Amino acid sequence: MAEIVDHSDPGGGFSGKEKITEILNRRHKERGIQIQAAKLERQKDADETEAIQYFDSSFEQKLKSINNKLDTVSSSESKAQIFAEVQNEIYDLQRYLSTSTFFLNEYKIKICQNAINELCKNMDALKNELIPKKKFGFKSKKSVKINQDGKDSIDRIGKGAHSEAEGDRMKWTFSNRKKELIVLPRSAVDDQTVTASDLTDCIVKLEGHSGSLQFSKLLNCLVICGPTSRSIFLDDCTNCTFVVACQQLRCHSSKNCDLYLKVTSRAIIEDCNQIQVAEYNNSYPGLDDDILKSGLDVTVNNWNELDDFNWLATDKPSPNWSILNPDRIVSDWENYQNLFQQTYKTL
């Protein structure tokens, strides 16, 4: 009679000795797999530990290097150059932190981000102390305003301008304006620093190529500018549209703003939300010449690559900014200005 073999038994067809050998071999193989997995896990932990140690060392070195530069800037004859270098190094340090967040815990990220924020504050304080803004007025300059009846009128830009007390953080070129068309002529703008604050329902048009721009506390405003050689700083702006070209742009504590950008480095936003970006599309006679004089690289435009200092995740995009919907992009700024004046009754 033929022997019946049970195929459901993995050791079926084997003798007792062979079955024991097979079981031992299987257990040995499984144990080998477990040992290899444990080795890989230990290696992974070791690699992560090494990565964290390397990050700590590199971050501290970069931090120390920047602080050393800030400590020596007061005695240097090239303060502006050092501040520019420091700003770039802070930007690189922020990028280094952002690209390392996948192996850092939340506490480490927070500590490092606070250190970067403190650097920015120290640099800004030193810069305002050592390189005070130049005072210049526009009492002899004229800007054209459009009255509600459509007729042109002349208003002197010096109206409402003021200087803050000595020692204050910024001295504004013009401020406290409502429903005004403010046009700064090329003779007042070229290579100059232009600052403005507390504007509501205003249109600001800057002719020529400025040195740097600073706008603070703007509400429902339209700002159209030629190229800016260095930096643009926007702070506490709401429901505004900016048409700007520059080397560096930083936007702080602002919301629901449209930025039409040409920027040769990556723009930075911080404590912002509902920021929409599009490519700079200003057009006027002499624009190409202004860009050449400003020194901006015509081949580089990072308008759609913003760094959000409040969003360190590398695997998900920041929810605080987005590309402007093509249906909303303005192409005719003269017509848009007219509609803006009608909407906000800008004079």
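**View 1. Asp290 is a buried residue of the predicted model.** Its relative accessible area is 1%, where buried means under 20%, exposed over 50% and partly exposed in between, computed with a 1.4 Å probe on protein chains only. Asp290 belongs to helix α5, residues 287-294; helices are DSSP runs of H or I with at least four residues, strands are runs of E with at least two, and both are numbered from the N terminus. Leaving aside residues up to four places away in sequence, Asp290 touches Arg186, Gly208, His209, Pro227 and Tyr284, a contact being heavy atoms within 4.5 Å. The model is predicted, so local features need pLDDT of at least 70 and side-chain atom pairs count only at pLDDT 80 or more, while totals for chains, interfaces and linings use all residues. Residues are numbered from 1 along each chain as its sequence is written, and side-chain values use heavy atoms, with hydrogens and water left out.

**View 2. Seven strands form an open sheet with parallel pairing.** The strand order is β3-β5-β7-β9-β11-β13-β15, and two strands pair if DSSP finds at least two bridges between them. At the edges are β3 (174-178) and β15 (307-308), each of which pairs on one side only. Two bridges join β15 to strand β13 (residues 268-270) in the parallel sense. Ile268 stands opposite Asp307 in β15.

**View 3. Trp333 and Tyr336 form an edge-to-face aromatic pair.** Their ring centres are 5.4 Å apart, with 80° between the planes. Rings of Phe, Tyr and Trp (its six-membered ring) pair if their centres lie within 6.5 Å; planes under 30 degrees apart count as stacked, over 60 as edge-to-face and the rest as tilted. Both residues are in helix α6 (residues 333-344), three residues apart, or about one turn of the helix. Trp333 is buried at 7% relative accessible area, whereas Tyr336 is partly exposed at 28%. The structure holds six aromatic pairs.

**View 4. Phe55, Phe59 and Tyr96 make up one aromatic cluster.** The charged end of Lys62 sits over the ring of Tyr96, 5.3 Å from the ring centre. A charge sits over a ring if NZ of Lys or CZ of Arg is within 6 Å of the ring centre and within 35 degrees of the ring normal.

**View 5. Residues 1-8 have pLDDT under 50.** For this stretch the model has three contacts beyond four places in sequence. Residues 134-171 also have pLDDT below 50, with 77 contacts in the model beyond near neighbours in sequence. The chain averages a pLDDT of 80, and 80% of the residues score at least 70; pLDDT is the predictor's confidence in each residue, from 0 to 100.
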